[in-house]
Amino acid sequence: MTNSDSGRGSSRDLLHSDRTFDFSGPKQLWQGFGQDFKELTRRDRQFSFMIRAKDLELDVSHGPILYLDGLNVSFDGFKAINELNLYIDAGELRCVIGPNGAGKTTMMDIITGKTRPDSGSAFFGQKIDLLKLTEPEIAEVGIGRKFQKPTVFEHHSLFENLELAMAADKRVFPTLLARLTGKERDRIDEVLGIIGLRELARREAGTLSHGQKQWLEIGMLLMQDPHLLLVDEPVAGMTHQEMERTAELLTSLAGKHTVVVVEHDMDFVRSIAKRVTVLHQGSVLAEGSMDEVQNDPRVVEVYLGE
Amino acid sequence: MGLLQPLKGDTGGQIMLAVLALIAILVPILNLLVPEGNPLHVSTFTVTLLGKYLTYALLAVAVDLVWGYLGILSLGHGAFFALGGYAMGMYLMRQIGDRGVYGDPLLPDFMVFLDWQQLPWFWQGFDQFWYAALMILLVPGLLAFVFGWLAFRSRVTGVYLSIITQALTYALMLAFFRNEMGFGGNNGLTDFKDLLGFDLQADGTRIGLFLASALALALGYWACRWVVTSKLGRVAVAVRDAESRVRFIGYRVDRVKLAIWTFSAVLAGVAGALYVPQVGIINPGEFSPLNSIELVVWVAIGGRATLYGAVIGAVLVNYGKTVFTGAFPEAWLFVLGGLFVLVTVFLPAGIAGLLKTLRRRRAQPETIQREATT
């Protein structure tokens with residue numbers, strides 16, 4: 001890259017490029033800076049470093065809410081994600097299935113900012129580039145995640161668990177001075193109703209059964225008012241009855257929210273999913289309705305072997 | 001939402017504060033009005049001893065705030081206590097003026113002894129009480145802020161964090177032992193004469209310091225309760241129990257920790273500042289890692305995450321220390337160690353936990369009876 005080249009780069013390049021300066025020509029270098037400076041003073045542009053996560057607006061005018069394009073991640077040479085392309089429509093309930101090691105959890109990690117891909121892009125709506133945001137910022141723009149193992153705050157009551165998860169100003173001093181308004185109480189109560197744990201509002205979360213903890217986790221997600229819910233293995237270790245209630249809960253959430261469920265249990269997936277994506281070795285193997293997917297010979301092969 | 005809001009539901013704390021108020025009223029009366037020789041007379045020595053315990057109690061509350069509610073086991077809180085103490089000590093040194101052994105109007109004795117010609121820059125301003133008071137808050141607070149900013153941002157947690165807090169206080173101890181540091185080296189700062197113009201040896205001043213310590217403890221306790229009963233306090237406990245989950249919800253865990261950690265260090269500094277005029281000396285021994293570990297033991301014995309338990313633990317253990325080191329000086333460390341082991345094994349929730357269980361057990365037979373009769 002020559003100096004004159006880099007000088008003409010857009011403001012974005014100025015801030016995010018990894019170019020190195022060639023110090024052989026100081027005059028050229030200064031010219032480059034001059035142009036960069038001009039770019040910086042342009043009034044019709046907002047610089048990415050000036051934009052705060054909460055100011056970002058979700059734009060789903062083209063349909064999809066999540067675009068994953070050509071993602072690659074490798075851990076010590078092992079390709080966990082390999083040229084992954086995945087699009088999720090707003091309001092959809094999508095199930096992602098796949099054998100162990102197919103990259104399901106890694107995909108969730110990329111979306112939530114826990115893992116950075118080696119290449120590719122991940123957009124939330126048309127405009128929000130997830131790869132430029134930190135974990136808390138991603139939570140702030142409206143992506144909530146439920147983990148495989150339920151982690152609720154064991155020493156807090158259910159009510160307090162939901163209170164902490166609530167969408168609010170989460171900086172230190174506003175949090176110190178925060179008092180619950182009547183509206184917020186109603187919202188917590190409403191979510192307690194949705195997850196069916198209203199009677200247990202004052203119980204310590206540590207005393208809940210496994211299934212109840214899973215629902216509380218989903219409730220905590222809802223309190224954040226996310227546009228997109230990522231739900232990792234919601235029915236692992238649940239009884240059949242609990243599974244049915246979870247299915248009801250998740251289907252009731254779709255529409256208002258976009259829900260992506262990663263799950264192993266095929267019966268459960270069949271009971272909730274309209275569209276299913278099968279991952280295998282880090283990329284999409286098949287996509288479609290449950291019946292289509294199940295009759296796909298490649299899927300059968302992956303799941304059942306030769 | 002009144003001033004008493006933070007104490008709602010905190011029976012132990014209410015009792016503790018009531019006892020504290022009672023002592024704060026009775027002790028001065030028994031000292032000043034009851035003549036010496038009367039069995040009810042409280043000697044000035046005892047007043048000062050009690051005042052010292054109260055500053056320890058405030059320090060213990062500060063430790064319990066970060067350990068019990070935030071999950072940070074600090075093995076270096078003695079450092080903040082000592083820094084607050086040194087800031088107060090520097091003011092007291094400057095107050096001596098030309099009454100020192102060498103009679104230098106400006107330089108403290110140890111500087112004259114070291115043949116220093118002028119006051120180091122960091123001793124400037126300490127002749128003013130307001131400046132010293134500011135430094136008492138600022139120096140421990142600033143150190144805690146910088147230390148915490150580096151540690152929490154890098155997500156250093158658990159044992160590793162405990163070890164570096166220990167290293168922090170050890171490093172400060174070694175530094176303060178050096179004469180070149182300008183803090184009196186090995187001997188520290190001592191030979192204080194007066195505070196705000198009041199003679200430090202006078203009974204009235206001793207009582208004043210005792211009352212100031214009681215007030216500081218009450219206010220510090222109230223402030224800590226205010227923090228732990230706020231939403232931030234609930235976030236702190238959540239950080240203690242499931243740190244990464246809190247991060248995913250969208251809180252900046254490092255900032256939450258930094259704020260509470262710094263506040264706790266400031267409280268420890270205030271405790272140190274009240275401690276120094278009562279014991280009459282501050283030396284690098286206060287930075288000793290052993291001190292910081294001992295004070296964690298007070299909190300453990302009193303009961304973690306209760307705040308009032310820390311007060312009980314600090315006062316009881318130090319009373320025991322006074323008695324034991326008088327009777328069998330060599331045995332004290334074994335007693336303390338033994339006590340720690342016994343409490344950890346048999347009373348994991350400390351004395352506060354024991355009290356809670358007893359209360360519940362006493363309440364239960366009544367309810368059973370009531371149910372039986374109805």
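User: How much area is buried between chain A and chain B, and what share of it do carbon and sulfur atoms give?

Analyst: The size of an interface is often given as the accessible area lost when the parts come together. Keep in mind that we're looking at a predicted model. Here, about 2500 Å² is buried between chain A and chain B, with 67% coming from carbon and sulfur atoms. The contact involves 27 residues of chain A and 25 residues of chain B.

User: How many salt bridges are there across the interface of chain A and chain B?

Analyst: For a salt bridge, look for a side-chain nitrogen of Lys or Arg within 4 Å of a carboxyl oxygen of Asp or Glu. The rule finds 2 across this interface. A:Glu217 and B:Arg245 meet in a salt bridge, at 3.1 Å from N to O. Over all chains, the whole structure has 25.

User: Which residue forms a salt bridge with A:Asp109?

Analyst: That's A:Arg145, with the closest N and O atoms 2.7 Å apart. This pair links distant parts of the chain: A:Asp109 sits in helix 4 and A:Arg145 in strand 6, 36 residues apart.

User: Now helices. At what angle do the axes of helix 11 and helix 13 of chain B cross?

Analyst: They cross at roughly 40° and come within 10 Å, which makes helix 11 of chain B oblique to helix 13 of chain B. The crossing is left-handed.

User: Which residues of the two helices make the contact?

Analyst: Helix 11 of chain B brings B:Glu294, B:Val297, B:Ala300 and B:Ile301, while helix 13 of chain B brings B:Trp332, B:Leu336, B:Leu339, B:Phe340 and B:Val343. Sorted by class, that's 8 nonpolar, no polar and 1 charged residues.

Notes. Residues numbered from 1 in each chain as written. Chains lettered and ligands numbered in written order. Predicted model: local features only at pLDDT ≥ 70, side-chain atom pairs only at ≥ 80, totals over all residues. Heavy atoms only, no water. Axes fitted to C-alpha atoms, helices over the stretch in contact; angles between N-to-C directions. Helix = DSSP H or I, 4+ residues; strand = E, 2+ residues; numbered from the N terminus. Parallel < 35°, antiparallel > 145°, perpendicular 65-115°, else oblique. Left-handed = near helix turned anticlockwise from the far one by under 90°. Contact = heavy atoms within 4.5 Å. Nonpolar A, V, L, I, M, F, W, Y, C, P; charged D, E, K, R; others polar. Buried area = accessible area lost by both parts, 1.4 Å probe.
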